[in-house]
Amino acid sequence: MRAKITYAVTAAVLVVYFALVGSRGILLIETGTPVTIAFGVAVLVLPAIGLWFLWKNTQFVRRANQLAAELDAEGGLPVDELRRTPSGRIDRDSADAVFAQRKAETEDAPDDWRTWFRLAVAYHDARDTPRARKAMQRAIALHDGRPAPTA
């Protein structure tokens with residue numbers, strides 16, 4: 001729940017920031033000189049890109065959470081079997097061992113979104129965020145019946 005609140009607050013702050021930047025872009029355009037109009041248009045591009053990125057990221061998180069809820073209802077969420085250091089961090093060797101197991105499961109059933117979801121969790125536990133995101137995107141695509149994105 002704490003992560004959801006943090007995400008919502010961060011998204012709200014970004015939207016306010018994008019609105020402020022956008023208003024400055026409009027003010028520059030309203031000035032009417034060719035240079036300020038060019039700067040104003042350039043400034044308006046930044047909030048547009050930011051809003052697009054925020055929207056795509058929010059969709060990704062929402063879909064990943066839906067898959068987690070569905071997998072939980074099936075009783076298929078991965079069990080946290082990782083050893084931790086005294087400070088609470090995941091032990092690297094433990095994460096690597098679980099990762100190897102999840103990778104083998106995914107290789108045995110490459111068209112099952114559940115194995116890709118569990119592999120994404122294993123990548124995340126191994127602190128490999130880019131691969132975790134790609135594996136989760138593949139799980140989402142397989143769940144939705146779309147062609148899976150290539151690696």
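Visitor: Is T115 buried or exposed?

Guide: This is a predicted model, in which local features need pLDDT of at least 70 and side-chain atom pairs count only at pLDDT 80 or more, while totals for chains, interfaces and linings use all residues. Residues are numbered from 1 along each chain as its sequence is written, and side-chain values use heavy atoms, with hydrogens and water left out. A residue is called buried under 20% relative accessible area, exposed over 50% and partly exposed in between, with a 1.4 Å probe and protein chains only. Because T115 has a relative accessibility of 5%, T115 counts as buried.

Visitor: Which residues is T115 in contact with, leaving aside its neighbours within four places in sequence?

Guide: T115 lies in helix α4, where a helix is a DSSP run (H or I, at least four residues; a strand is E, at least two), numbered from the N terminus. Contact means heavy atoms within 4.5 Å. Once the neighbours within four places in sequence are set aside, the residues in contact with T115 are E105, T106 and A109.

Visitor: Which residues does M136 touch, leaving aside its neighbours within four places in sequence?

Guide: M136 is among the residues with the most contacts inside the largest nonpolar core. When its neighbours within four places in sequence are left aside, M136 is in contact with F60, A64, F117 and A120.

Visitor: How many residues make up the second, separate core?

Guide: In soluble globular proteins, nonpolar side chains tend to be buried together. Here a second core stands separate and includes L82, A95, V98 and A126, and its number of residues is five.

Visitor: What is the angle between the planes of F99 and Y123?

Guide: The structure holds two aromatic pairs, and rings of Phe, Tyr and Trp (its six-membered ring) pair if their centres lie within 6.5 Å, with planes under 30 degrees apart counted as stacked, over 60 as edge-to-face and the rest as tilted. One of the pairs is formed by F99 and Y123, which are 4.8 Å apart from centre to centre, and the pair is tilted, with an angle between the planes of 50 degrees.

Visitor: What is the phi of R127, a residue that is not a glycine?

Guide: R127 belongs to the loop between α4 and α5. With a relative accessible area of 45%, R127 is partly exposed. Although R127 is not a glycine, its phi is positive, at about 65 degrees.

Definitions and conventions: A nonpolar core is a set of buried Ala, Val, Leu, Ile, Met, Phe, Trp, Tyr and Cys residues joined through side-chain atoms within 4.5 Å.
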